Amino acid sequence: MKPLLIVDGYNVIGAWREAERHNWTLDESRDQLQRRLEEYSGYSGEEIVLVFDGYRSDRKTATEETYGVLKLVFTKQGETADSYIERLVAQVPRYRQVRVATSDGLEQSQVLSTGATRLTSRELLLEMQQAHMSGMKAHQQQSARRKSSIASRVGDQTLEALERMRRG
């Protein structure tokens with residue numbers, strides 16, 4: 001069973017300096033976070049639940065959508081992301097590894113008391129950035145290997161023999 005990462009979406013967006021720097025709207029920030037978490041799940045191997053607070057919305061029911069290993073949740077009117085996350089963590093079997101990304105101190109205490117581990121929003125953003133950078137580096141190295149000539153893959157003796165053959 002894959003490890004589970006539960007993310008308090010608005011909490012992470014609030015700590016995300018890049019969103020602020022780019023002046024992204026709330027919708028753009030949500031979309032960017034979702035896209036980057038989908039990418040991150042490929043590096044981390046975790047199943048991810050991204051929870052957005054519907055406490056002040058007019059949603060009558062909670063909505064859940066699945067995108068590969070990422071589940072996107074909008075809580076219903078009157079329900080906080082914190083209460084949804086607490087309920088979800090309580091339902092997960094004890095043997096499954098669970099991490100919760102939030103900067104809310106009370107939520108962190110609650111999460112720790114259930115056996116899950118906590119991760120601040122900034123720690124998650126840093127992990128995501130590092131995974132992206134290492135993934136890009138690996139991709140560039142792989143591309144460089146593909147672009148290398150045959151000469152870089154064979155020994156000197158073989159190159160000399162090929163050169164003699166070419167010259168007749």
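In helix H3, the residues Ser29, Arg30, Leu33, Gln34, Leu37, Tyr40 and Ser41 are buried. Seen down the axis of H3, these buried residues fall within an arc of 130 degrees, so they line one face of the helix. The model is predicted. It holds three aromatic pairs and 10 salt bridges. A nonpolar surface patch involves Leu159, Leu162 and Met165.

**Helix H3**

- Helix H3 covers residues 26–44, which makes 19 residues.
- At 1.5 Å a residue, H3 should span 27 Å. Its end C-alpha atoms are 26 Å apart, which agrees.
- The face turned away from the buried side of H3 carries exposed residues, Asp31 and Gly42.
- Just after H3 comes Gly45, with a positive phi of about 75 degrees.

**Aromatic pairs**

- The structure holds three aromatic pairs. One of them joins Trp16 and Trp24.
- The ring centres of Trp16 and Trp24 are 5.3 Å apart and their planes stand at 70 degrees, so the pair is edge-to-face. The cut-off for that label is over 60 degrees.
- Trp16 has a relative accessible area of 6%, so it counts as buried.
- Phe52 and Phe74 are stacked, because their ring centres are 5.4 Å apart and their planes are at 25 degrees. Stacked planes are under 30 degrees apart.
- Phe52 sits in strand E2 (residues 47–52) and Phe74 in strand E4 (residues 70–74), so the pair ties together parts that are 22 residues apart in sequence.
- Both Phe52 and Phe74 are buried.

- Arg99 forms a salt bridge with Glu127, and the closest N and O atoms are 3.1 Å apart.
- This pair links distant parts of the chain. Arg99 is in strand E5 (residues 98–101), Glu127 is in helix H6 (residues 121–147), and they are 28 residues apart.
- Arg99 is buried, because its relative accessible area is 14% and the cut-off for buried is under 20%.
- Glu127 is partly exposed, at a relative accessible area of 24%.
- Salt bridges that share partners join Glu46, Arg99 and Glu127 into one network.

**Salt bridge between Glu64 and Lys71**

- The side chains of Glu64 and Lys71 meet in a salt bridge, 3.5 Å from N to O.
- Glu64 is partly exposed, with a relative accessible area of 44%.
- Lys71 also counts as partly exposed. Its relative accessibility is 28%.

- Glu163 and Arg166 meet through their side chains in a salt bridge, 2.8 Å from N to O.
- Both residues lie in helix H7, three residues apart, about one turn of the helix.
- An α-helix has 3.6 residues a turn, so residues three or four places apart point the same way.
- Glu163 is partly exposed, at a relative accessible area of 29%.
- Arg166 is exposed, because its relative accessible area is 60% and the cut-off for exposed is over 50%.
- Leu159 lies in H7 too, a helix that runs over residues 156–167.
- Leu159 is partly exposed, with a relative accessible area of 30%.
- With Leu162 and Met165, Leu159 forms a nonpolar patch on the surface. Together the three have about 290 Å² of accessible area.

Terms used: Residues are numbered from 1 along each chain as its sequence is written. This is a predicted model: local features need pLDDT of at least 70, side-chain atom pairs count only at pLDDT 80 or more; totals for chains, interfaces and linings use all residues. Side-chain values use heavy atoms; hydrogens and water are left out. Patches are made of residues with over 30% relative accessible area and no salt bridge: like charges are joined within 9 Å, nonpolar side chains (Val, Leu, Ile, Met, Phe, Trp, Tyr) within 5 Å. Accessible areas come from the Shrake-Rupley method with a 1.4 Å probe; for residues, only the protein chains shown count as cover. A salt bridge is a side-chain nitrogen of Lys or Arg within 4 Å of a carboxyl oxygen of Asp or Glu. Helices (H or I, at least four residues) and strands (E, at least two) are DSSP runs, numbered from the N terminus. Buried means under 20% relative accessible area, exposed over 50%, partly exposed in between (1.4 Å probe, protein chains only). The expected span of a helix is 1.5 Å times one less than its number of residues. The arc is that of the directions from the helix axis to the C-beta atoms. Rings of Phe, Tyr and Trp (its six-membered ring) pair if their centres lie within 6.5 Å; planes under 30 degrees apart count as stacked, over 60 as edge-to-face and the rest as tilted.
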